[in-house]
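Please keep both in view as you read.

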Amino acid sequence: MRNLLIGGLALAAMTAAPLPAQAEDSVYIQLATYRTGPFAGSGIHIANGMADYLNMLNERDGGINGVKIVVEECETGYNTQKGVECYEQAKAKNTLVFNPYSTGITLQVIPKAAVDKIPILSMAYGLSAAADGNTFPWIFNPPMTYWDGATGVLSHIANELGGLDQLKGKKIGYIFLDAGYGREPIPLLEKMAEEYGFEIVQYPVPVKEMQNQSAQWLNVRRDKPDFMVIWGWGAMNPTAVKEAIKIRYPMDRFIGVWWSGGEDDARAGGQDAKGYKTLNFHAVGADFPAIQDVKRLLVDTGKSQTEADRLGENLYNRGLMNSVLMAEAIRTAQEITGKKVITSEDMRVGLENLNITEARLKEIGLEGFMAPIRTSCEQHSGHHSMYVQQWDGEKWVKLTDWFPPMTDKVKPLLAQAAQDYKTSNAPWPDRAEPCVN
Amino acid sequence: MYYREAGQFKTSYKTDQAILPLREDRIGLMLSLVMAVVVVPLVSNDFVLASIMIPFLILALATIGLNVLTGYAGQLSLGTGAFMGVGAYACYKLTTIFPDVNIIVHILVSGLFAAAVGMIFGLPSLRIKGLYLAVTTLAAQFFLEWCFIRIPWLYNYNASGAIEVPERRGFGDLILTGPAADPLTRYFVVLAIVIVFTLAVKNLVRGRIGRQWMMIRDMDIAAELMGVRPLVAKLSAFAVSSYICGVAGAMFVFFYLGAAEPDAFSITLSFQILFMVILGGLGSLHGSFFGAAFIWCLPIVLRTWLPAIGIDLGAETVFHIAQLVIGALIIFFLIVEPHGLARLWQLAKEKLRVWPFPYG
Amino acid sequence: MELLTGIFVTPFVQMVTLPDFFLQVLWEGFVGGVLYALIALGFVLIFKASGVFNFAQGIMVVFAGLTLVGLHENGVPAYLALILTIGVMGLLAILVERFVMRPLVNQADIILLMATIGLTIFLIGLGEFIFGGEPKQMITEELGLPTGSTAIEIGSDGLLILQHIDIAAAVIAITMVAILGVFFNKTRIGRALRAVADDHQAALSVGISLNQIWAIVWFAAGIVALATGIMWGARSDVSFALEIIALKALPVLILGGFTSIPGAIVGGLIIGIGEKIGEIYWGPLMGGGIESWLAYMIALIFLLFRPQGLFGEKIIERV
């Protein structure tokens, strides 16, 4: 037990550790990121995008309505243990919002959020059921959930085939990271398979075997599915693309979720990956005034970790969009509460009343960057539109127009899932937060 | 492995057989207990309690568990993480099936499941030794990890595949687990369990069974010739060790993480615990605490302090440097004192005893 | 009944009815096995000469691959980068010998094992510090390695697809083992290595420098790591996720024995082919993904019958 002395010393050291002085008129946002570990390949670009947009606002406008945003990154390495640590740290420093950027970490912090009064922004990842604002007042997953994404993939396939009824008798392979993230869409896929009479074949890829997928793809070769759907992340994506090429799977029948659409993922296959498709919900490219501001103010002056040629890539823009949502939520919260320096509780109200219209997008220099986004007290995700992009050998090209998910299919399932979550985690607190408009 | 310290002469068997024969040790223990029970809760904020003290204590318990197996019985295991996982999943199942029973009871019972699994995977130890055994325990690690993913019954068919800690009350209406549980409450529960277990293990290892383990460790064939049954000794070591690890695993999820994916019990955790054992000192209980404190707190302290002392770096650079430093420190400590921090502590005591007039 | 058919009938029927696919599975298993064997070879080299179970072999693979690609990215021509990387691995070997192995001489196995895990953590930190965490593309073409694939038609509609890089991997692995075999048996240093492996003290007494030998085996393991890094890197990419795959070499080792080079090769092939066949034909029965532990189970069952591995030296214990 003597070690407690040491523990005590460490603790004295910790308590004495100077927290960054909360300067007048500033708010603190922690970004849980991962620039290390097996998922760094995807994580780095997201982290860059998130940090750059907020820092750009600080540089260009002096923050949001004169309130500076203190941005700090916390390295999770996509590891749930470290994620909890980052969350506790964020809590101790009064973060406005917590971005886990990992479905595993999101699941862990969901129950804590309501108690600690910290909103969780899990942009198009995490628990799909969290879209239900009445059950999960503190969790936000705009612009849509994985389940919306899964229906998006199916409706795209149906479109290719010429109608939803054509799905009947088809075989669709689903290769996924065998973790919470990859398993999340399965209930919906199974339900849809039942309804439309197609078969869904699962190919789980264990995290440890991410770079060793030959067995899964051999099975794909044997089963000859008509379409392949991938739910991969990090090192799993480029390996899957390479393996698909190896077994000569037709790439235009290989469709990924938005997280499988990193430039590096497709680039691994080079020209052979031509035709590979993924979902997306924001534009790719740096041709937006706001991103040009990032370039001018941060990248060109060396204040950013982003390399100039990676500006505007898919995952970078994903991170940027994440920060746009946060910035807009802060602004909304400021308007509603009339305060300049808002708290995390105000931030929740802001996130709940997001209304990013096309006019607003134009104002912030991101016209056409994404579909307009709107959230409400009940609806924390919003089932917004997406599109399919295709790899042309060098870059992503927008293939389809914006189209909505099959909201009518997803909604009842979401409600059911939220209810299930509530019962299995009983006593789950009822929503106590008033709906502020 | 350690020599008895001389200097204080005992006049009765009772004092001679005390848990801590030295008066200074007893005082030290009392001081640390006071520190843990009174000072720590008074001076620390929620972050220190929730992110440092609670996981540190739980990991220290897991370290004690592995120490029983590796330090006392000499059987190297790389499957600690998975055994902790068994405890955690068992506890989750128990508390969802019997929600009204006090969670502490569930935690203690869930260790039994881990013990059973541990004994099954301990069977090869009767034939396989040393590093070969270590690699076979990896079979347990990977197989169990796969079970946590592939057997949906274990996580109640949750869509997410994760186990989530429900709110449980006990001792009146105190919230013990779940998000609403106060870090202070959790800290005291964890502390109590850890103290009780440490005391129990201390008595176990100085008793008959503990001595058998050590005989097996030091030379199994000789021990067998002297009448120690390897089957009983080895399997009991696996059982006790896995039981403690299972309890630690259940606490890890219920009092610290709050929810867990199978990933939480990966091989990384096994290595982390093994490091704590080795750095703290094989076959030393207080060493287990040293090791846990070192491995758990150092990265946090490094990450907090590197930026604080004016080295302003990106989060990931700090992370890299922390990793560099930890790797180097592990090698450094192994070179300086392969018997771990516990041995360093003992050497320090020996130096102090003759201070200020060292002889020889 | 259905289960029994699933176990004892269906897989074999599948093998016979789809022979081209079965061949493909065998080939994939073979290639995977060769790569496992390469990693295992690195372990065996070091274990033989110093009794150290070198856990850092996996990260050395990543480190070598990253150095190669990193140098090339900074404008060094591919072949020069290859030579420089070999130099870096040599330097690493000397540093490891001087600062890790030498001070720890005569310590217990587990301490040495821990030291190499410490080294692993250190190298991960160092690698990410220098090269960043981003995965990199292996410079396959620049190194003159073949890309593309050949399809061999079997029967009427059967197809066996062979990746050129996989063929190259097999050739390189075989060459490497052959060179190592010659090196061990025919050269002065090789004989010294075997002497050290047999008996440290006797070797010392006839004037063999242990330190020098250790540096050499670490260097050899470094070169094997580089070859492995290039091959794995060409199959997926060079990133820190590769380090996890190195764990797969462990069942190979217990199967083949810690001290046997042929054992590493045979073990690698058994594990590689066994796990592929298991996963493809029996995996679906259990929900798939059994590849992650099947290799360990195979190895564990082997061990129960031969505790020293297939080719390991017989363990004789005396009191």
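## A residue at a chain boundary

B:Arg150 is partly exposed because 18 other C-beta atoms lie within 10 Å (buried means 20 or more other C-beta atoms within 10 Å of a residue's own, exposed 12 or fewer, and partly exposed in between, with C-beta atoms placed from the backbone). This residue belongs to helix α6 of chain B, residues 130-150. Helices (H or I, at least four residues) and strands (E, at least two) are DSSP runs, numbered from the N terminus.

Leaving aside residues up to four places away in sequence, B:Arg150 touches C:Gly287 and C:Gly289; contact here means that C-beta atoms, placed from the backbone, lie within 7 Å. Within its own chain, B:Arg150 is 11 residues from B:Gly161 in sequence and 9.1 Å from it in space, C-alpha to C-alpha.

## How to read the model

This is a predicted model, in which local features need pLDDT of at least 70, side-chain atom pairs count only at pLDDT 80 or more, and totals for chains, interfaces and linings use all residues. Residues are numbered from 1 along each chain as its sequence is written, while chains are lettered from A and ligands numbered from 1 in the order in which they are written.

## A bent helix in chain B

Now look at helix α2 of chain B, residues 23-43: its 21 residues reach 28 Å from first C-alpha to last, close to the 30 Å expected at 1.5 Å a residue (the expected span is 1.5 Å times one less than the number of residues). At B:Met35, α2(B) bends by about 40°, the bend being the angle between axes fitted to the seven residues ending there and the seven starting there.

Which residues of α2(B) are buried? B:Ser32, B:Ala36 and B:Val40 are among them. An α-helix has 3.6 residues a turn, so residues three or four places apart point the same way.

## Two domains in chain A

Chain A splits into domain 1 (24-144 + 285-382 + 416-424) and domain 2 (146-282 + 386-414), with bounds from an automatic or database domain assignment. Their contact takes 28 residues from domain 1 of chain A and 27 residues from domain 2 of chain A. On the domain 1 side, α12(A) gives the largest share, 5 residues.

Key: Two residues are in contact if their C-beta atoms, placed from the backbone, lie within 7 Å.
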